[in-house]
Number of protein chains: 2
Amino acid sequence: MKIRNYIASLVGVIMVALLGIAHAAQDPLPSWNDGPARQAIIEFVKATTDTASPKFVPPEARIATFDQDGTTWVEKPMYTQVMYCLERVPALAKAKPELKNVEPFKTVLSGDRAAMAKFTMADLEKILAATLTGISVEQFNAEVKEWLAKTKDPRWKRPYTELVYQPMLEVMLLFRDNGYKTYIVTGGGQDFVRVYSEKVYGIPPEQVVGTAGATQFGYDKSGKPFLTKVPKLLLNDDKAGKPEGIHLMIGRRPVAAFGNSIGDKEMLEYTQAGDGARLMVLVHHDDAEREYAYGPKSKVGTFTDALMTEAKKNGWTVISMKNDWKRIFAFDK
Amino acid sequence: MKIRNYIASLVGVIMVALLGIAHAAQDPLPSWNDGPARQAIIEFVKATTDTASPKFVPPEARIATFDQDGTTWVEKPMYTQVMYCLERVPALAKAKPELKNVEPFKTVLSGDRAAMAKFTMADLEKILAATLTGISVEQFNAEVKEWLAKTKDPRWKRPYTELVYQPMLEVMLLFRDNGYKTYIVTGGGQDFVRVYSEKVYGIPPEQVVGTAGATQFGYDKSGKPFLTKVPKLLLNDDKAGKPEGIHLMIGRRPVAAFGNSIGDKEMLEYTQAGDGARLMVLVHHDDAEREYAYGPKSKVGTFTDALMTEAKKNGWTVISMKNDWKRIFAFDK
């Protein structure tokens, strides 16, 4: 093993040196304006990867978690996955005509957006259970993939997967370039996000933690085994469920966490409660012109006054989309 | 980005070439006798990493899963984790004296091994729930670590963490050296195995899938958040629970899977049902002299006649510990 270890170390040293040269020549966060948020992120990564720094974090402990809706992509006017479920209802009603006269499916089929906006949590749960379960894992993946390829957001007329925040993609890349494992930790469906996470975020399916339902193992008529998605909730990955989900799926406490709403508060608190260097960041939607501006009274992605107070008290970094980001999307000039 | 990408590719090419030279000089499976099992493993790794082979598997899909008890370490005379739980009972009874007169705790405290061997699943579940939950994640980790450091197996008089199969460690390393992500997929407790997986197997906690209970997020008196282990089962990672757990925790189908008992059958079937090259392997305990020999009637790690029939029918590789392994443990001559 000795020769091999020696060569591996040597190559490691060459690689670090060469990449260092290449890196120095470029700004790792080109879509960011200079300011306290940009500085906090760059300084954190620098300090935690510098062996001479008291803030150094060993490579195996470098875990950074990112909420998705409102943190890495647009969550307005409605969560993308809820949109997906609503748009699945017609196909579902074709297969099960009895649903046509049953609420909340009847309202969805009527196309009355104002009535849909008044759906209760119980209504939404019925729609989610009906559209996300009862099919095999492979069929679900294929349906989501097809829908994402053909569907466009009404405002930007682009696929939802293009409505990701370019500055956040740069942050993820900066962390990964410095030996961090990046995770999506979302209240959205784990299986849903896994369909596109690698392509959109460079994050493989096994690094997506989300709200997860159970599957059931069985055999088809030919004896081939397969997994069916069943309506049994295993993890509600929101609020307290985020640190619980992180423990279940990762088993380590993150050293950096990014969110944008009260659903991320517990994840940021849990991150901060660990020893050593920590980075907690919230994205604040204050850019009505280029994206959206929404505050305490928003139904989706709520950033309450209490959250802002806690952010200030705890020294969390708050990103102003308006001031900190040069551009929002990759397609912006 | 162009310069950087170019340099990164160049370094990649140099590294692969140099490591190739180093590799060629050594046997990747030195603790194995030549035979069909060794050949199947080596040929599978070679074919799936050779871009010119029809069996080539792209790097991101290279997932290999390993059962633990009986596959990577000794499971006799009792699962190590069950031993841990039994030995935790005296400390538990000290904290909760009312348990002293309640079964099955009373029998455990009596030290009567013959009576303990007759425990039902319900008895064991009571002991597991009492000894594995009601404490913080950190406290649990510290207790397991301390126990593993001080406890020795009665037969070999060595820590349990030394009773790992050296030939299987070599297989894990061979897979990782060829770009595979290796996972433990165990019926044992996920949190238990995560305490030592990095040190013993070189597998980080986030790549351990096991039987998992819920945790509950809360705050201590000073307002610091923490997670408590609670007696609510989220995943019973055995039999059909193994492919279900793999989907939940990894979200990809393995291309190679290693097991040793009927508890691993569904994992191997699920692995085999995917497209392209697949490797399914069972460890057969047929070496009473150097380890243990046990067959269809064993209470732990059962290798039934039906399993052997299925292995033959499906073309699964069966490892004979007696014939295929030159040595069992790292400390063997």
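## A buried charged pair in chain A

Asp264(A) and Lys242(A) are both buried in this predicted model. Their side chains meet in a salt bridge, with 2.8 Å from N to O. Asp264(A) sits in the loop between strand 5 (256-259) and helix 12 (265-272) of chain A, while Lys242(A) belongs to helix 11 (residues 241-249) of chain A, so the bridge ties together parts that are 22 residues apart in sequence.

## Asp264 in chain B

Over in chain B, Asp264(B) is found in the loop between strand 5 (256-259) and helix 12 (265-272). Is Asp264(B) buried or exposed? Its relative accessibility is 1%, and because the cut-off for buried is under 20%, Asp264(B) counts as buried. Setting aside neighbours within four places in sequence, Asp264(B) is in contact with Asp67(B), Thr71(B), Lys242(B) and Gly259(B).

## Salt bridges between the chains

Searching the whole structure turns up 32 salt bridges over all chains. One of them joins Glu206(A) to Arg252(B), and the closest N and O atoms there are 2.9 Å apart. This pair crosses between chains: Glu206(A) is in the loop between helix 10 (197-201) and strand 3 (208-219) of chain A, and Arg252(B) is in the loop between helix 11 (241-249) and strand 5 of chain B. Glu206(A) is buried, with a relative accessible area of 8%, and Arg252(B), at 16% relative accessibility, counts as buried too.

Which residues are linked in a network of salt bridges? Here the members are Lys181(A) and Arg252(A) from chain A, plus Glu198(B) and Glu206(B) from chain B.

## Helix 3 against helix 6 in chain B

Now for some helix packing. In chain B, the axes of helix 3 (residues 80-95) and helix 6 (residues 121-132) come within 9 Å and cross at roughly 65 degrees. Because 65 to 115 degrees counts as roughly perpendicular, that is the label for helix 3 of chain B relative to helix 6 of chain B. The crossing of helix 3 of chain B past helix 6 of chain B is left-handed.

As for who touches whom, helix 3 of chain B brings Gln81(B), Val82(B), Tyr84(B), Cys85(B), Leu86(B), Arg88(B), Val89(B) and Leu92(B), and helix 6 of chain B answers with Leu124(B), Ile127(B), Leu128(B), Ala130(B), Thr131(B) and Leu132(B). Sorted by class, this contact has 11 nonpolar, two polar and one charged residues.

## Arg88(B) and its partner

Arg88(B) lies in helix 3 of chain B and Glu143(B) in helix 7 (residues 137-150) of chain B, so the pair ties together parts that are 55 residues apart in sequence. Arg88(B) counts as partly exposed, at 22% relative accessibility, whereas Glu143(B) is buried, with a relative accessible area of 15%.

## Leu227(A), with contacts in both chains

Back in chain A, Leu227(A) has its place in strand 4 (residues 225-235). At 1% relative accessibility, Leu227(A) counts as buried. Leaving out neighbours within four places in sequence, its contacts in chain A are Ile135(A), Ser136(A), Val137(A), Thr215(A), Gln216(A) and Phe217(A), and those in chain B are Pro243(B), Glu244(B), His247(B) and Tyr270(B).

How far apart are the C-alpha atoms of Leu227(A) and Lys265(A)? The separation is 34 Å, for two residues that are 38 apart along the chain.

How values were computed:
Residues are numbered from 1 along each chain as its sequence is written. Chains are lettered from A and ligands numbered from 1 in the order in which they are written. This is a predicted model: local features need pLDDT of at least 70, side-chain atom pairs count only at pLDDT 80 or more; totals for chains, interfaces and linings use all residues. Side-chain values use heavy atoms; hydrogens and water are left out. Helices (H or I, at least four residues) and strands (E, at least two) are DSSP runs, numbered from the N terminus. Buried means under 20% relative accessible area, exposed over 50%, partly exposed in between (1.4 Å probe, protein chains only). Contact means heavy atoms within 4.5 Å. Axes are lines fitted to C-alpha atoms, for helices over the stretch in contact, and angles run from 0 to 180 degrees between N-to-C directions. Angles under 35 degrees count as roughly parallel, over 145 as roughly antiparallel, 65 to 115 as roughly perpendicular and the rest as oblique. A crossing is left-handed if the near helix is turned anticlockwise from the far one by less than a right angle, and right-handed if clockwise. Ala, Val, Leu, Ile, Met, Phe, Trp, Tyr, Cys and Pro count as nonpolar, Asp, Glu, Lys and Arg as charged, and the others, Gly among them, as polar. A salt bridge is a side-chain nitrogen of Lys or Arg within 4 Å of a carboxyl oxygen of Asp or Glu.
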